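Keep the sequence and the 3D view open as you read.

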Amino acid sequence: MGLYDVLKTKWTNPETGNMPLVRKITAGLIAGGIGAAVGNPADVAMVRMQADGRLPAAARRNYTSVVDAIGSMARKEGVGSLWRGSSLTVNRAMIVTASQLASYDQIKESILEKGVMGDGLGTHVTASFAAGFVASVASNPVDVIKTRVMNMSVEAGKAAPYSGALDCAIKTVRAEGPMALYKGFIPTISRQGPFTVVLFVTLEQVRKLLKDF
């Protein structure tokens with residue numbers, strides 16, 4: 001969010017006070033990609049810890065904490081395992097950040113320009129919920145593939161279930177059909193919608209406070 005605002009400040013047209021949609025998307029892609037690359041080890045740990053309870057007792061990893069998960073992966077599978085699926089994490093974050101931030105700003109600007117509502121809570125809630133929906137639609141397929149790649153068990157001497165993101169996507173669609181990429185969409189929008197509303201409404205209030213100072 002911070003990096004997006006920095007880029008937005010640099011790329012906004014000083015005369016109109018607006019930034020073209022293409023630049024908003026580009027700023028979101030850059031900001032999301034950098035943030036995801038840094039946070040990937042914690043993301044892998046989260047995915048594994050959430051999935052552990054669904055595994056057979058003998059196959060469970062039984063991590064006691066995020067620190068234990070990261071340390072255990074580094075020791076047993078090598079430091080590189082902490083960035084397993086990083087391309088997916090980065091791609092997902094780029095898609096989510098770009099679609100979420102760009103659509104929020106664009107929808108908010110459209111509402112204000114057409115005079116539908118003023119620059120207040122109603123506009124912020126409307127634009128943020130719409131942004132959450134756009135982000136959910138754009139990111140759900142990547143979420144499904146990312147989770148499967150990160151959670152796959154790779155046994156020594158045996159081939160991995162998936163050789164990469166594209167292989168996972170192809171095998172998933174072949175075995176389960178295209179709509180398999182939208183499994184979990186209702187939980188995704190149920191999480192993404194309220195999260196995006198809280199995020200942007202809070203952000204707007206913080207901006208207002210900082211502007212007053």
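Of the chain's 213 residues, 40% count as buried, where buried means under 20% relative accessible area, exposed means over 50%, and partly exposed is what falls in between (1.4 Å probe, protein chains only). This is a predicted model, with local features needing pLDDT of at least 70 and side-chain atom pairs counting only at pLDDT 80 or more, while totals for chains, interfaces and linings use all residues. Residues are numbered from 1 along each chain as its sequence is written, and side-chain values use heavy atoms, with hydrogens and water left out.

**The overall build**

The chain has seven helices and zero strands; helices (H or I, at least four residues) and strands (E, at least two) are DSSP runs, numbered from the N terminus. Its C-alpha atoms fill a box of roughly 60 × 40 × 25 Å along the principal axes. Contact here means heavy atoms within 4.5 Å. Among contacts between residues at least 6 apart in sequence, 68% join residues at least 24 apart.

**The core and a buried lysine**

Which residues make up the largest nonpolar core? There are 11 of them: Tyr4, Leu7, Met19, Ala27, Ala31, Leu101, Tyr104, Ala127, Ala131, Phe200 and Leu203. A core of this kind is a set of buried Ala, Val, Leu, Ile, Met, Phe, Trp, Tyr and Cys residues joined through side-chain atoms within 4.5 Å. Helix H1 (2-11), helix H2 (21-51), helix H4 (86-114), H5 and H7 each supply at least two residues of this core.

Take Phe200 from that list: leaving aside neighbours within four places in sequence, Phe200 is in contact with Met1, Gln100, Leu101, Tyr104 and Ser128.

Is Lys24 buried or exposed? Lys24, which lies in helix H2, is buried, with a relative accessible area of 0%. Again leaving aside neighbours within four places in sequence, Lys24 touches (in the contact sense) Tyr4, Met19, Ala102, Asp105, Gln106 and Glu109.

For a contrast, look at Thr64 in the loop between H2 and helix H3 (66-77). Thr64 is exposed, with a relative accessible area of 69%. Thr64 and Met49 are 15 residues apart in sequence and 8.9 Å apart in space, C-alpha to C-alpha.

**Aromatic rings**

The structure holds three aromatic pairs. Rings of Phe, Tyr and Trp (its six-membered ring) pair if their centres lie within 6.5 Å; planes under 30 degrees apart count as stacked, over 60 as edge-to-face and the rest as tilted. Phe133 and Phe185 form an edge-to-face pair, 6.4 Å centre to centre with 85 degrees between the planes. Phe133 lies in helix H5 (residues 121-151) and Phe185 in helix H7 (residues 185-212), so this pair ties together parts that are 52 residues apart in sequence. The rings of Tyr182 and Phe185 have centres 6.0 Å apart and planes at 65 degrees, so that pair is edge-to-face. Phe133, Tyr182 and Phe185 form one aromatic cluster. Within it, Phe133 is partly exposed at 43% relative accessible area, and Tyr182 is partly exposed at 28%.

**Pockets and a cavity**

On a 1 Å grid over the protein atoms alone, a cavity is a set of points where a 1.4 Å probe fits but cannot get out, and a pocket is an open set with protein on both sides within 12 Å along at least five of seven lines; lining residues have an atom within 4 Å of a point. Grid points are joined across faces, edges and corners, and a volume is the space filled by probe spheres set on the points.

A search of the whole structure finds one cavity of 30 Å³ or more. Its lining is Met1, Tyr4, Asp5, Leu101, Tyr104, Asp105, Phe200, Leu203 and Arg207. H1, H4 and H7 are the elements that give two or more residues to the lining of this largest cavity.

| Largest pocket | About 1,000 Å³ | Met46, Arg92, Asp143, Lys146 and Arg191 |

H2 gives the most to the lining of the largest pocket, with 10 residues, and H7 gives the most to that of the second largest pocket, with six residues.
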